[in-house]
Amino acid sequence: MSTSAGQTTVPFSLPSFAAEVGDAVVKVLDSGWVTTGPQTAEFEQDFADFLGAEHVVAVASCTAAIELSLRALELPPGSAVLTPSLTFCGAINAILHAGHRPVLVDIDEDTLVPSPATVEAAAARARPAAMVVQNQAGYPVDVPALAGAAGLDRSRVVEDVAHGPGAARGGVPVGADSQAACFSFYATKNLPIGEGGAVATRDAAFAERVRSLRLHGMSKDSWRRYLPGGSWSYDVKKLGLKANMTDVQAAIGRAQLHALPEWQRRRAELAARYDEALRGLPGVVLPQRDLGEGVQHAWHLYQVRVPGREAVITELEKAGVSTSVHFIPAHRLTVYRDLLDDHELGPLPATDRVAEGLLSLPLYPRLGDAAQDRVVDALAGALRSRG
């Protein structure tokens, strides 16, 4: 794509693919088994080893991972589930589809994630049975602190880590010690497969419940039924979903995992270059950098806050720079305003203030230094044009 001035557009995101991906896919196609099977099992083990997790269950998407995790918690129907309003609509939908009630939580204006204070305030509006917390942009939330503020055991916290992997807290990778850490492998994510997700958990029984629920609640998937010595017989004890990963996706994921550490290094390098170049621009608020000891950001997104965002976006588009906004807060979306009660919707003053100026700049391993410099120059020019 080119701009009217003939310059190539800087995309907001481009997926990276390891050199081994093509061969890995061909091998699966030649094997004759392309749905959930041996490659999926291998990917689950590879990803568990990468995270340091006890168990990983591969599923169709992060949204499915959140819903399956909530179902596997076996909460009473209609339970109150705390979650930030500044999140993707899929996370809110997952709570509703699991048969529960989202109670929206405000954020800390520096980290863009809930704080113990905002969680405590939301918990006072409802008696939560669980919580879904998001690692916004790749910033790892403090799960024990938030669980304590909500009056919940950590086993009732589902972590939305669609903006990982690669994050860590206390030197421990996100997902290594979780009840349910839900990952995304969408095309723009840090580990891009195209589609797909996973649940990482320390709980073997929980993992088995998710494994069954991802395929309608069946006691055995087709791979296990047709292994040597297997049987066609199965049972369905719980209502589940059709939310399994295919072996084609899993083969891509296994190849991608080898490249992920270098991609994460490049993301951190690009984030540091943005910090240096944008520091001091009038009206610009940069992402939180005082992360604390042992805290590692995954840098899925580089989010700034700018004055006059719509005008800035227009100027950046004219300069050939694509951007995005993460996210329109859930309490501003029609369906949730219609479905949720006032005490479930807020108040959310910090979210409202922050949401007016949030802007996500291009950030991905294939972004070159020269293209990143164009983004910086275009942003500086857009701000100058506002006077």
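User: Which residues does Ala-147 touch, not counting residues up to four places away in sequence?
Analyst: In this predicted model, the place of Ala-147 is in helix α6, residues 143-150. Leaving aside residues up to four places away in sequence, the residues that Ala-147 touches are Met-131, Leu-152, Arg-154 and Val-157.

User: Is Ala-147 buried or exposed?
Analyst: The relative accessibility of Ala-147 is 1%. Buried means under 20% relative accessible area. Ala-147 therefore counts as buried.

User: What distance separates the C-alpha atoms of Ala-147 and Ala-72?
Analyst: Along the chain, Ala-147 and Ala-72 are 75 residues apart. Between their C-alpha atoms the separation is 18 Å.

User: How are α3 and α4 oriented to each other, roughly parallel or roughly antiparallel?
Analyst: Helix α3 (residues 62-73) packs with helix α4 (residues 89-97) at an angle of about 30 degrees, and their axes are 8 Å apart. Angles under 35 degrees count as roughly parallel. The two helices α3 and α4 are therefore roughly parallel.

User: Which residues of α4 make the contact with α3, and how does that contact divide by class?
Analyst: From α3, the contact is made by Thr-63, Ile-66, Glu-67, Leu-70 and Arg-71. On the side of α4, the residues are Gly-90, Ala-91, Ala-94, Ile-95 and His-97. By class, the contact of α3 with α4 has 5 nonpolar, 3 polar and 2 charged residues.

User: What is the handedness of the crossing of α10 and α14, and which residues of α10 meet α14?
Analyst: α10 passes α14 in a right-handed crossing. By class, the contact has 7 nonpolar, 1 polar and 1 charged residues.

User: How many aromatic pairs does the structure hold, and what is the geometry of Phe-47 and Phe-50?
Analyst: The structure holds 8 aromatic pairs. For Phe-47 and Phe-50, the rings are 6.4 Å centre to centre, with 10 degrees between the planes. Planes under 30 degrees apart count as stacked. The pair of Phe-47 and Phe-50 is therefore stacked.

User: Why are Phe-47 and Phe-50 separated by about one helical turn?
Analyst: Both residues lie in helix α2, residues 38-51. Phe-47 is buried at a relative accessible area of 0%, whereas Phe-50 is partly exposed at 33%.

User: Which parts of the structure does the pair of Phe-47 and Phe-185 tie together, and what is its geometry?
Analyst: Phe-47 lies in helix α2 and Phe-185 in the loop between β8 (180-184) and β9 (197-201), so the pair ties together parts that are 138 residues apart in sequence. Phe-185 is buried, with a relative accessible area of 0%. The ring centres of Phe-47 and Phe-185 are 5.5 Å apart and the planes are at 80 degrees, so the pair is edge-to-face.

How values were computed. Residues numbered from 1 in each chain as written. Predicted model: local features only at pLDDT ≥ 70, side-chain atom pairs only at ≥ 80, totals over all residues. Heavy atoms only, no water. Left-handed = near helix turned anticlockwise from the far one by under 90°. Helix = DSSP H or I, 4+ residues; strand = E, 2+ residues; numbered from the N terminus. Nonpolar A, V, L, I, M, F, W, Y, C, P; charged D, E, K, R; others polar. Phe/Tyr/Trp six-rings, centres within 6.5 Å; stacked < 30°, edge-to-face > 60°. Buried < 20%, exposed > 50% of the residue type's maximum accessible area, 1.4 Å probe, protein only. Axes fitted to C-alpha atoms, helices over the stretch in contact; angles between N-to-C directions. Parallel < 35°, antiparallel > 145°, perpendicular 65-115°, else oblique. Contact = heavy atoms within 4.5 Å.
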